[in-house]
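Student: I would like a close look at a single part of this model, with one connected account of how that part is built.

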Amino acid sequence: MLFTQLGANDPEFNLRNDPSFILRRKATESTLFFSVVEAHGSYSPVSEIAKNASSSIREIKTLLDNENYTVVQISPTKGQVLMVCLSNQNADPKESHQINLKGKSYQWVGPYIIFKS
Amino acid sequence: MKKLSLFFFLTASFSFAQESIKVNDIQEFNSAVVNAKPGTTIVLANGVWKNAELLLEGNGTPKAPIILTVEEKGKVSLEGQSYLRLSGSYLHVEGLVFKNGFTPTNEVISFRKNKNEFANNSRLTECVIDNYSNPERHEQDSWVAIYGKNNRIDHNHFEGKGNRGVTLIVRLNSKASIENNHIIEANYFGPRQNLGSNGGETLRIGTSHFSMEKSKTIVQGNYFDRCDGEHEIISNKSDQNIYRNNVFYECIGTLTMRHGDETLVEQNVFLGNRKRNTGGIRVINGQQTVKNNYGYGLIGYRFRGALVVMNGVPNSPLNRYFQVEDAVIEDNVFVNSDHIQLCAGSDAERSAVPINSSFKRNTFYLEKPSKLVTIYDDITGISFDDNRANIAIPEIESGFEKQDMTLVKNSQGLLMPKVGKKIIQPNLSKQLPTKSNTGAAWYSKADKRIAFESGKDVSVKKGMNTLFDAIATSQPGDIIELVEDGEYVLTKLPQIQHPLTIRAKKSVNPILLWEKKAAFDIVNGGELALEGITFDGEEAPDGSGNAVIRTSKYSMNKNYSLYINRCHFKNLDVNHSFDVVKVFKNTFADVIQITNSTFSNITGHVMALDKETDDVGIYNVEYLTLHNNLFEDIQGAVVSLHRGGKDESTFGPFLDLNHCTFKNIGFGSRNKYKAAIQLYGVQDIQIKNSVFENTQPITMHLVVGEPIVNLDHLWLENSNQIKVTGDQTYHIGTLLIQKPTHYNRQEMMVFLWVNSITTNMKQSTFTILLATFCVSFLQAQQHPSLILTQKGVEEIRSNRKSSPFFEQHLMAVKAELDAEIASGIDVPLPKDMAGGYTHERHKRNFFMLQKAGVLYQILEDEKYANYVKEMFFAYADMYPSLPIHPQPRSYARGKLFWQCLNDSNWLVYASQAYDCIYDFLSKKERKHLETQLFRPFADYLSVGNPQFFNRIHNHSTWGNAAVGMIGLVMNDQELIDRALYGLKEDGISFQAKDNDGGFIKDKGGAAGFLANIEAPFSPDGYYTEAPYYQRYAMYPYLLFAVGLNNVRPDLGIFDYKDGVLLKAVDALLNLTDSDGEFYPLNDAQKGMSYFSRELVSAVDIAYHYGDQNPGLLSIAKKQGKITLDDAGIAVAKAISEGKSQPFQKSSRLLSDGPKGKQGGIAILREGSREEEINVVAKYSAQGNSHGHYDKLSYSMYLKGNEVLQDYGLARFVNIDQKNGGGYLKENKTWAKQTVAHNTLVVNEKSHFNANYSVGSKFHSDLYFSDLSNSEIQVISAKENNAYAGTQMHRTLFLLNDPRFDYPILIDVFKVTAKQQQNYDLPYHYLGQVMSSTITPQKKATLSALGSGHGYQHLWLRAQGQNEKAVNQLSWLNAGTFYFNL
């Protein structure tokens, strides 16, 4: 991961100095970038109280990624785990899909589904 | 949810009953029928059953019917000469489809075997009869005939009956069929074309002969979709039937209680949508009840009114009209339905007026007040109580109250009047029939009639039979374009068998020659549109009776239309009787329309539409329209139009003739009509603004149906007769005294006022001779008329005091202008760039001009008019000698400003000011300004700068609007045409680019305002350059559109491209974050919002000229400003009346591309918390020269704050110190580059290698989306062209789960490539990093991350290796923590 700031080669200060981070993968063929953005909590500079300053997500994982299906998992800190399944080649809302993961079979209709368990 | 639907899917396949016999042919079918017992199911095997004559005979039981069904629904069709008879009881027929043929008998499906054996207690369900029409148009049959008792006909689909005969008929012709208790429900009655004859009813119950019998049939929950067969959609001809909860969608005609008493008509919905001839309910006979029905936009008149109560015939024979008595008409609501007709049909025969009837609690609303009720006779037999309307009904003494009403949508989406806080609505069913809940769910209801220009473009070069070959291989809806000047020769006769457009390419003049007896034959199914072609009869065979266009000689059971625009017909004189259009008996045109065309040297008739000579009410064309044509040296008649007989079941024909010139017409010895125009039995005659010079007379025989006849503004020279015969009334208005100089233009308005003649003659012949003396007067265009109109001014003057919002703003503008006037006028010699003095001064001047003009109109204070006048004169002194602006930066330099774009801004505003003081100036002053300033100004922007004007680009829109608006004020048709259609010749290369790097010329060569609406807006109203430029571009679009709407309402500009201009305002408002700021997609300066002046104007216009969406008022309130014109006062008035409601933004997809097929933008807003999280995903086309290389990028907002940002543009607009306010070079080196966006970069190169020409060829594609579920919204798109050999597929989920404070964004970005490459996926977060699982190695000295494609602008500050399988980064911005994994 790279942390960058805008403003190089800018002699006239024409650019804002905004920050960015960059996920970098070198010398790779096919790949999957899976990320989650969670907005949470609040901070008051008056009371100096930070509410809910840490994330409610424990872990995220890619369970499957091939030509036809991508399956990712999000584990919140409490309660059910979310499993997001995507059909990569057929977006027909009436098409049924079946995949086997760790000995279990999952079926759904349409291009995506979220299972909670 | 998803799991549930899967489960449902599994349970759906139990249906087959006990004994099921599959039959493969008719023999097997017959033996199965013989052996059938109660409970037997006979299954027709999949495939086509040709000529199958089916008789299902037997007796089932209530619990075990005998079933006839199909192996798989939709895979069995009965074709050729197939038909079905039912006989016995408890029969059940399901899933049959009749198509591709017609019945050899009188009924396709008959509930009887013969005269004595019927079917009872039987059901016909999910059967389809689709275009199964006898090819002989006037050969009569019915599709379904119901005999017997207790039968149920449900969920069937009947569509496209083309020949004569009722679609579905209930027969009562024996005792066994009386008091039948049939139920007809949930059927889909699909489109039925206008038959042009009696016998086109969609449903009929009984006949006049049995009309005294009780039928007791219930018709409920059916959907009638454009059933246009004839005057009676439903013809009730028996006693005690019920019509309940049916929807009539754009059907012409009425539900007619033709015979029979005690009918109940309730809870029906008639949606006319202001289609011509749409009607509602017609009451005849005794004891009829009409209650709780609803009508919207029904505009038919006379017998086709929204509500018609007829006069009867005293002691009527069965087949005439019984007197209305004991009618109860209650609680019905009619909105924008134009005609209520009482005692309709009153004449010598129909003299029995309605008696003992009541008319109660009915409500009528008319948006535009007009005469609603027509009373033809004595109405004292009807008692009126507690009815109301939003207009006065002076015709009825009491029982009608005028109440203030507004219109609101009820929960079913129907517009209902509201009085105070109460919505007035009939007691409709909660479950209205719709297209989807009626008919057979598995059979498509898509429209079958293919529209013109829906197919592909085919280019055809000149030569022999090139056109013939193109027609022979064409597909329905194709456009055949003749692309070369010169001769197209037909040695064979092409058959037009589907809708085809044949037209000349722009600026090309093809000549068509033909060697057969006609150039084209329109055969059954064919329709033809011709444009820009010269038809020269030189090569036609030397024999009599040639034509240019013919119909089939044989019966056509499909209606056709013929459109001819900008064509020339000449030398049709090789022999006698050479016609232009030749029609044959048993053909019917919905429309024949000829516009902007010339006809000269013709030995026959232009059109003899009089081949139905049986005089039984049949005719050849419904709508005949002739506008702006020249007819010269024609030996026959121009038109003969004939409708004979006394039948009243049809509507037309309609003749609309306007702005035509006739010279030397009709003197050939073979002209049997001895007329230039002969009209016989025509129902609507409009002949206006036309010149007849040395012609035979116009003859009209007026009989039957109270025709509407208007002849007006005609110049007749040596053509001094209009001959009228017949017994009906007509009106001849003004006839011209002076020969007009422009025949075909609206300017010809000096006319003579002959006393208006309205007669009521009885069988006499009357000839009107022209008088040569009388009053003349000049009609001129009224001013102001452009943006502010005279009507608006009156409205403002009388309402401004009571609209504080308006008045406050007016006073603020007045104060601003008073200060400006006090500081004097300055019109400096132009020299500066944007931001400099002369630039800012001229810019301020045009704003002040426009405002001063408006103040003059509203406050009537001449000081403002003088200010405008003085400033215009200062400009007029300077302009003629003004050189091109000295700053050389633009590809199209202006004169007042550095670019033509700003000059166009000036003219758009100045036109409005000129319109406001037009009448204040003398004619001489106007001439001075027009010749010294406005016309040269408009010429410079157009012919002087075609590279600016003739383009598909927001710059050109300004140019087009500027030229068009001043054209409208000056009434300069040449400028208006130039603005609308572009310059014909521009001499620009297809390779030329502007200074932003964009291509100048459109690939198809289109230009002008209409083309500029067509190309950049998607059907959803998204503008391909994205919202920042859409906001800028909207202003001229809307302003010119308002001007056109006010001055040239005939153009219907707000309906153009399905109303896209007003849709665009809605799209734009939805492209804003919670604070009203636009998402900075493509080149966009952050902070631009709906508070901009362009959006103030857009919101006001969208409210006033659109559908008065109360949500817009809340935005106008937030804006705190309004425009000082018609739209502004409407908004201010509505706000002060408390109509404002919050504007609802929603998650949505906005397609990109002229046809909506070039990807798009998705906005995800989280359901109930829509103001909080916004995610904007981009998978659109390049977006012209302002586009960025940012395929599959997204940005994210929380409460209007950016969480993951889009950089926007690199420019400081109007800050002189920064490159004169222009684009900075970093816009190209950074802002447009891929790395500046939240999307994937491969090998440190931007998408398409940052090549604009390549990027402009491609767009991303939507893979799927689901925005309907508030718990999870998802958008998924693919991009396959940005990098060679690399497929990118990104899916974004916005997931709402109570475990999280806000919905979380799940980002799944899949990359597929066969080669190894380097990937960078940047996230441009805003805020301060709080924590990270990566330990970043900080750099002691900073260096640039790369050397090009934007990487040269990034300092690398820190770098870390992934230490865990999952990385986390947390940052804080504007008081909220963000967490990225």
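Student: Which pattern does chain A follow when read along the sequence? Please go on from there to the open sheet of six strands.

Tutor: The model is a predicted one. Read along the sequence, chain A follows the pattern β-β-β-β-β-β-β-β-β-β-β, that is, eleven strands and zero helices. Of the 117 residues in chain A, 29% are buried. Among the chain A contacts that link residues at least 6 apart in sequence, 24% join residues at least 24 apart.

The open sheet draws on both chains: its six strands stand in the order S82(B)-S87(B)-S2(A)-S1(A)-S90(B)-S89(B), and the pairing is antiparallel. Its edges are formed by two strands of chain B, S82 (1241-1242) and S89 (1337-1344), each of which pairs on one side only. In general, strands of a sheet are paired through backbone hydrogen bonds, in either a parallel or an antiparallel manner.

Two of the pairings can be followed in detail. Strand S2 of chain A, residues 19-28, runs antiparallel to strand S87 of chain B, residues 1317-1323, with six bridges between them. Within this pairing, A:Leu23 stands opposite B:Leu1321. At one end of the sheet, S89(B) is joined by four bridges to strand S90 of chain B, residues 1354-1359, again in the antiparallel sense. There, B:Ser1343 has B:Leu1356 in S90(B) as its bridge partner.

Definitions and conventions: Residues numbered from 1 in each chain as written. Chains lettered and ligands numbered in written order. Predicted model: local features only at pLDDT ≥ 70, side-chain atom pairs only at ≥ 80, totals over all residues. Buried ≥ 20, exposed ≤ 12 C-beta atoms within 10 Å, placed from the backbone. Contact = placed C-beta atoms within 7 Å. Pairing = 2+ DSSP bridges.
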